[in-house]
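Please look at the sequence and structure below before reading on.

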Amino acid sequence: MIERRYWYMSDEFLRSNPPITAYKSPSLGLRQQVADEAVPQLGAEAALNAINDWGRQASDITHLIFCTTESGRMPGADLRVARLLGLPLSTNRLMLYQVGCHGAGIALRLAKDIAENNPGARVLVVCSEVTAMGMRGPSEADMGNLVGQALFGDAAAAVVVGADPTAGERAMFEMVWVSQDTIPKTENAVSSWLSEEGIVYTLHRDLALYISSNIEKLVQAALAQAEEGVEDWNQEMFWLVHPGGREVLDRVESVLGLRKEKLTASREAMRQHGNTLSASVLIAMDEMRRRSAERSLATAGEGLKWGLLFGFGPGLTVETILLRALPVTQPIAEHLYCLVMISLYNVHHPCVGECLLLLIVYVKCQFILLPHQPVHLHGF
């Protein structure tokens with residue numbers, strides 16, 4: 001159940017711009033203006049917090065992967081964020097547009113490839129989402145739109161990815177294996193397109209069923225890559241499942257035979273923020289890290305060694321990451337002081353009404369350790 005969500009647009013702004021809250025009203029230009037301002041702003045704040053927690057300078061970032069579903073201008077938000085952070089002009093940038101809810105999985109997979117193939121690389125991954133492009137009023141004839149309006153919220157998340165950490169860098173998770181799979185005959189389960197009224201999307205009524213019917217074989221394929229056998233999915237594993245909706249989590253939990261508490265991080269992320277598209281699973285990761293630290297557990301993965309991260313998006317596309325949680329080596333008090341990774345900021349917009357408190361969520365996530373392996377080129 002979703003108890004709260006956050007939006008960049010104020011109540012006064014929405015009242016002053018009725019085309020945004022109307023159903024199927026031409027408003028693309030207005031929406032794009034909001035997204036062009038908000039997406040890099042939120043992304044830069046999240047990135048700055050992540051870099052501060054990381055322990056090194058922004059100038060040490062070698063690559064930037066910026067991911068959003070809500071914007072489409074050139075040059076993109078990646079360039080503006082690089083400027084806001086003062087990143088070197090030599091920083092290698094990659095902009096991901098219109099990726100949907102599995103965007104963080106895509107970005108982390110690409111970051112893993114970059115870090116493993118470029119010794120010393122430090123990849124800043126930023127996921128920033130603002131619902132300005134997709135927010136609109138309800139229609140009795142469009143239940144998919146109504147469901148979406150009840151689900152989605154604004155957030156930004158950032159994480160630094162690298163291999164072979166140096167002194168001062170605290171690694172929490174290792175990405176052992178990654179994959180992308182497309183569920184056959186589900187290309188219409190989640191779809192969106194850009195129109196004069198902004199981003200329009202459809203959500204199939206059987207979306208959760210499609211995911212749950214295929215999740216078990218994806219789990220088995222991922223665990224086959226673990227260095228040791230994992231037999232009990234409740235006792236030996238932690239789970240980070242994209243909080244795309246209550247039914248998605250309920251069905252995944254049931255099919256895999258998981259205890260209720262195994263998806264607590266994902267459910268809490270959904271309860272506190274709604275579905276924040278590509279940022280969602282990183283918010284769930286940070287929630288798990290925070291809860292693990294509060295309980296003084298041995299790892300950020302609920303004290304366990306092995307875990308799985310799942311992202312679901314249009315296609316239907318599933319991003320799967322096999323994670324290994326590394327032991328917490330610092331005393332817990334120091335650890336908490338150095339790695340406070342989620343913050344809420346009050347934003348005083350000049351148009352905010354007397355009774356409205358705007359909150360923007362900036363999520364700061366952890367440094368991820370990747371295994372360093374030599375890469376050999378063949379056939380040249």
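Predicted model: local features only at pLDDT ≥ 70, side-chain atom pairs only at ≥ 80, totals over all residues.

Residues are numbered from 1 along each chain as its sequence is written, and side-chain values use heavy atoms, with hydrogens and water left out.

**Largest pocket**
- The largest pocket holds about 780 Å³ of space. A pocket is an open set of points on a 1 Å grid over the protein atoms alone where a 1.4 Å probe fits, with protein on both sides within 12 Å along at least five of seven lines. A volume is the space filled by probe spheres set on the points, which are joined across faces, edges and corners.
- Its lining has 41 residues, and Leu151, Phe152, Val190, Leu203 and Leu207 lie nearest the centre; lining residues have an atom within 4 Å of a point.
- Two or more lining residues come from each of α6 (143-151), β6 (190-195), β7 (198-203), α7 (207-223), α8 (246-256) and β9 (306-313).
- α6 gives the most, with 6 residues.
- By class, the lining has 20 nonpolar, 16 polar and 5 charged residues.

**Second largest pocket**
- About 240 Å³ of space lies in the second largest pocket.
- Residues lining the second largest pocket include Arg259, Glu261, Lys262, Met288 and Arg291.
- α9 (264-273) and α10 (280-294) each supply at least two lining residues, and α10 gives the most, with 3 residues.
- This lining divides into 4 nonpolar, 2 polar and 6 charged residues.

**Terms**
- Helices (H or I, at least four residues) and strands (E, at least two) are DSSP runs, numbered from the N terminus.
- Ala, Val, Leu, Ile, Met, Phe, Trp, Tyr, Cys and Pro count as nonpolar, Asp, Glu, Lys and Arg as charged, and the others, Gly among them, as polar.
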